[in-house]
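Open your viewer and keep the sequence panel beside it.

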Amino acid sequence: MLLADARREVVETCRRAVEDRLVIGTAGNVSVRVGDLVAVTPSGLDYGDLTPELVGVHELDGTAVEAPLKPTSELPMHLAVYAETDARAVVHTHSIAAAALSVVVDEVPAVHYYLALLGGRVLVAPYRAFGSPELAVALIDALGDRPACLLGNHGAVTTGDDLTQAYQRAGYLEWVCEVALKVVGAGRTPKLLTEQQIAEATRNFIGYGQSADDGLQVDVVDRVGSGLTAPLDPQEHAGRQAEHGRDA
Ligand SMILES: [Zn+2]
């Protein structure tokens with residue numbers, strides 16, 4: 001079977017997304033790029049029935065290579081990400097807080113420094129019909145050089161160097177959106193973080209998260225932030241851990 005590992009990973013990620021309530025039913029879809037091929041979820045299949053063999057393998061222009069079922073209707077979105085960015089995995093969810101927040105803001109308000117795990121800012125793409133080329137264009141605009149965005153009145157997209165990283169980002173994005181929704185609903189003027197504060201958090205996160213008990217997942221924080229991924233000197237890293245304690 002072509003791309004056996006990648007297809008297995010797609011199945012596992014879809015099942016996990018259902019368990020974690022990031023998707024319901026057949027909503028949402030994920031893909032992995034391996035070389036010039038993409039393994040992507042098929043359309044309209046309950047994830048409980050999904051097997052690696054049923055995960056489609058397509059070329060970067062969408063041509064089916066080994067795909068017993070129709071691909072997800074959002075294939076254009078996935079292919080656009082691979083055409084325009086260096087991402088190697090895409091996770092698209094209809095998680096509740098992300099979908100709800102996308103209706104009321106144009107950008108996720110800077111309510112929490114976890115935005116640093118998502119490229120510093122998360123923009124909301126304007127609503128476009130699902131599966132349309134217009135949605136793919138709006139997604140690319142909203143992503144820019146960052147690994148996450150919301151799709152207006154629809155859901156969320158995260159990308160990563162692999163499916164694990166993209167999926168972890170989906171979880172952090174949903175958490176930040178949930179916090180932001182509560183803030184927006186609180187009816188008070190929020191104290192939002194400045195660009196500088198988010199940039200500072202981004203710097204602090206580089207290389208952070210390697211102790212098992214700090215609550216962060218290594219894959220997200222190690223490689224987050226474009227241009228800020230140089231490996232840390234171990235001593236400097238230890239200093240940062242001490243400096244920032246467990247407040248992450
Ligand atoms: Zn969708």
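What pLDDT does the protein average? The average is 87, and 83% of the residues score at least 70; pLDDT is the predictor's confidence in each residue, from 0 to 100. This is a predicted model, where local features need pLDDT of at least 70, side-chain atom pairs count only at pLDDT 80 or more, and totals for chains, interfaces and linings use all residues. Residues are numbered from 1 along each chain as its sequence is written.

Now select residues 224-248, where pLDDT stays under 50.

Next, show the strands (DSSP runs of E, at least two residues, numbered from the N terminus, as are helices, runs of H or I of at least four).

Zoom in on β6 and β7 (residues 148-151), which pair in the parallel sense over 2 bridges. Pick V124 and you will find its bridge partner in β7, L150.

Finally, select helix α2 (residues 75-84) and helix α4 (residues 133-143). Their axes come within 8 Å and cross at roughly 40 degrees; axes are lines fitted to C-alpha atoms, for helices over the stretch in contact (C-beta atoms, placed from the backbone, within 7 Å), and angles run from 0 to 180 degrees between N-to-C directions. Among the residues making the contact are M77 and A80 of α2 and L139 and I140 of α4.

How values were computed. Contact = placed C-beta atoms within 7 Å. Pairing = 2+ DSSP bridges.
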